[in-house]
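Visitor: I am new to this structure. Please take one part and walk me through it closely.

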Amino acid sequence: MLAIIGGSGLTRLSSLEIERREVVRTPYGEPSGTLAYGRIGHQQVVFLARHGHGHTIPPHRVNYRANLWALVKSAGADGIVSVASVGGMRDDLKPGALVVPHQIIDYTWGRLATFFDGGDAPVVHVDFTEPYDRALRERLLCASDAAGLKVSGAAVYAATQGPRLESAAEIERLVRDGADIVGMTGMPEAVLARELKTPYAAVCVVANWAAGRGDSASSIRFEQIEAVLHESMGKVRSVIEHLCTATV
Ligand code: HPA
């Protein structure tokens, strides 16, 4: 079972014929919405909209633990593809570009970021050297090739707290730190998947130039973001279709 977490611009998957929906409760509370089950090709898929069906849950209020628990423990997902929109900071990552990041820097704070939260359970430190699953990233890149799409396969994702966008000076700092793209939901999602020992990778759509860069030099234009997301999510759907129909 492959899980897909849809972000801004991807609240449903048109190629997924939904066979059933399930309301799930977890020891960590309620996930962002119902789990939608179906198949793409021969692949069983479970889909969850990260921000809820009506896009009402902001990044810092997403119940990441419930989402991951529901997908892995209730639905039985053995792989998770996250779809997320990001700001671009590297010259080749302009609006519309697709990226499969390979590293993360976490700038979020105050989020419930672990299943190993003390109490009676022994302390657990997971390895996070490679935050994304290498094999799943490769499969995503092969699927992109098969779909005839150019996708950048190496980028450092900076996870910021949001919901506000960053200042130009903050973006300069992220660039100095070595980040290439910036988004608000990459963490703790990635580490929670790791804690559940479930392969996790992301396909990111560059929705805008990050603050102070490219044509966002003085401000970020939201009308533009919507148009970019609308077009690029078509490409993401195609990557996912190829991922699901590929013979491995
Ligand atoms: N910053 C943070 N998150 C984002 C951005 C951005 O510029 N664009 C889309 N998600």
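This is a predicted model: local features need pLDDT of at least 70, side-chain atom pairs count only at pLDDT 80 or more; totals for chains, interfaces and linings use all residues.

Guide: Two strands pair if DSSP finds at least two bridges between them.

Start with strand S11, residues 200–209. Ten of its ten residues are buried, so S11 is largely enclosed by the rest of the structure. S11 runs parallel to strand S5 (residues 79–88), and nine bridges join the two. Serine 85 has valine 205 of S11 as its bridge partner. S6 pairs with S11 as well, in the antiparallel sense, over two bridges. There, leucine 98 stands opposite valine 205.

Serine 232 lies in H5, residues 222–245. Serine 232 touches Val205, along with Gly96 and Leu98. Its relative accessible area is 2%, so serine 232 is buried.

Now turn to H2, residues 134–146. Its 13 residues should span 18 Å at 1.5 Å a residue, and the end C-alpha atoms are 18 Å apart, which agrees. The buried residues of H2 are Leu136, Arg137, Leu140, Leu141, Ala143 and Ser144. Seen down the helix axis, they fall within an arc of 160 degrees, so they line one face of H2. An α-helix has 3.6 residues a turn, so residues three or four places apart point the same way. The face turned away from the buried side carries exposed residues: Arg134, Asp145 and Ala146. The cover over the buried residues includes S5, strand S8 (151–152), S11 and H5.

Check the ends of H2. Aspartate 133 caps the N-terminal end, with a side-chain oxygen 3.3 Å from the backbone nitrogen of alanine 135. Just after H2, glycine 148 takes a positive phi of about 75 degrees.

Finish at valine 100. This residue sits in the loop between strand S6 (98–99) and strand S7 (103–106). Its relative accessibility is 1%, so valine 100 counts as buried. Arginine 164 lies elsewhere: its C-alpha is 24 Å from that of valine 100, and the two are 64 residues apart in sequence.

Notes:
Residues are numbered from 1 along each chain as its sequence is written. Side-chain values use heavy atoms; hydrogens and water are left out. Helices (H or I, at least four residues) and strands (E, at least two) are DSSP runs, numbered from the N terminus. Buried means under 20% relative accessible area, exposed over 50%, partly exposed in between (1.4 Å probe, protein chains only). Contact means heavy atoms within 4.5 Å. The expected span of a helix is 1.5 Å times one less than its number of residues. The arc is that of the directions from the helix axis to the C-beta atoms. A polar contact is a pair of N or O atoms within 3.5 Å; within protein, one must be able to donate a hydrogen and the other to accept it, and residues adjacent in sequence count only if both atoms are side-chain atoms.
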